[in-house]
Amino acid sequence: MTYNMLCSPMLTNEQIKFCDAYLTAIPENLENMNKEDFKNFICETFGISPEQLAMSLSNFRLFYNDITCIHCGIRYEIEQPLAFHKLPKNPHNWTCKSCKTFLKRSFDFNLTPVRHKPYSKALN
Ligand SMILES: [Zn+2]
């Protein structure tokens, strides 16, 4: 598994470390842990508050390099901790949200009616 991260320059190395840990760590032997417990576990491990974690996460994006959109090539973004996130069933045939929306859209000729001024008026 390889990832690419995009972080705001305001984040410190420590903040990047716990964002990465929160999104990619798969807790072992913690089968009964729910998402809330897991968030608290990360906060305790790094000695931070949930607010600090949330603030840092809002300045951090993580992309999974092994899954790319078959139409536009964009990488799959990990938005939820992997432990609570289901990756696409068929990673080699994944379509991103933007392409899905585009493919569903139908072309409507009547969307923006264009009114032409009479030609004679334009000449005056
Ligand atoms: Zn796409």
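**Notebook: looking up a predicted chain**

I began with A54, which is exposed because 10 other C-beta atoms lie within 10 Å of its own. The cut-offs I used are these: a residue is buried if 20 or more other C-beta atoms lie within 10 Å of its own, exposed if 12 or fewer, and partly exposed in between, with the C-beta atoms placed from the backbone. I found A54 in helix α3, and I noted that the C-alpha atoms of A54 and C19 are separated by 8.9 Å, although the two are 35 residues apart along the chain.

**What kind of model this is**

I am reading a predicted model, in which local features need pLDDT of at least 70 and side-chain atom pairs count only at pLDDT 80 or more, while totals for chains, interfaces and linings use all residues. Residues are numbered from 1 along each chain as its sequence is written. I wrote down that pLDDT is the predictor's confidence in each residue, from 0 to 100. The mean for the chain is 86, and 81% of its residues reach 70 or more. Where is confidence lowest, and where is it highest? I found the lowest in helix α5 (residues 119–123), at a mean of 54, and the highest in helix α3 (residues 50–57), at 97. I keep in mind that where pLDDT is low, the predicted coordinates should not be read in detail.

**Helices and strands**

I counted five helices and three strands in the chain, and they follow the pattern β-α-α-α-β-β-α-α when read along the sequence. Both kinds of element are DSSP runs numbered from the N terminus, helices being H or I with at least four residues and strands being E with at least two.

After α2 comes G47, with a positive phi near 65 degrees.

**The sheet**

I looked next at the strands, which form an open antiparallel sheet in the order β1-β2-β3. The edge strands are β1 and β3, each of which pairs on one side only, and the twist averages 35 degrees from one strand to the next. I counted two strands as paired if DSSP finds at least two bridges between them. Strand β1 (residues 3–7) and strand β2 (residues 60–68) are joined by five bridges, whereas β2 and strand β3 (residues 75–77) are joined by three. Six residues lie between the strands in the hairpin of β2 and β3, where G73 takes a positive phi near 85 degrees.

**The core and its contacts**

Which residues make up the largest nonpolar core? I listed seven: F18, C19, Y22, L23, I42, L53 and L62. Four of them, the largest share, come from helix α1 (residues 13–24). Such a core is a set of buried Ala, Val, Leu, Ile, Met, Phe, Trp, Tyr and Cys residues joined through C-beta atoms within 7 Å. Of the 124 residues of the chain, 8% count as buried.

For contacts I used C-beta atoms, placed from the backbone, that lie within 7 Å of each other. Leaving aside neighbours within four places in sequence, I found Y22 in contact with I42, L53, L57 and P81. Among contacts between residues at least 6 apart in sequence, 62% join residues at least 24 apart.

K17, in helix α1, counts as partly exposed because it has 13 C-beta neighbours inside 10 Å. F46 lies in helix α2 and is partly exposed too, with 17 other C-beta atoms within 10 Å. I noted that K17 and F46, 29 residues apart in sequence, are 9.2 Å apart from C-alpha to C-alpha, and that F46 and Q15, 31 residues apart along the chain, have C-alpha atoms separated by 9.3 Å.

My last entry is N59, in the loop between α3 and β2. Is N59 exposed, partly exposed or buried? I recorded N59 as partly exposed, because it has 15 C-beta neighbours inside 10 Å. Not counting residues up to four places away in sequence, N59 touches C7, S8, M10 and L11, and its C-alpha atom is 8.8 Å from that of P9, which is 50 residues away along the chain.

Notes. Contact = placed C-beta atoms within 7 Å. Axes fitted to C-alpha atoms, helices over the stretch in contact; angles between N-to-C directions.
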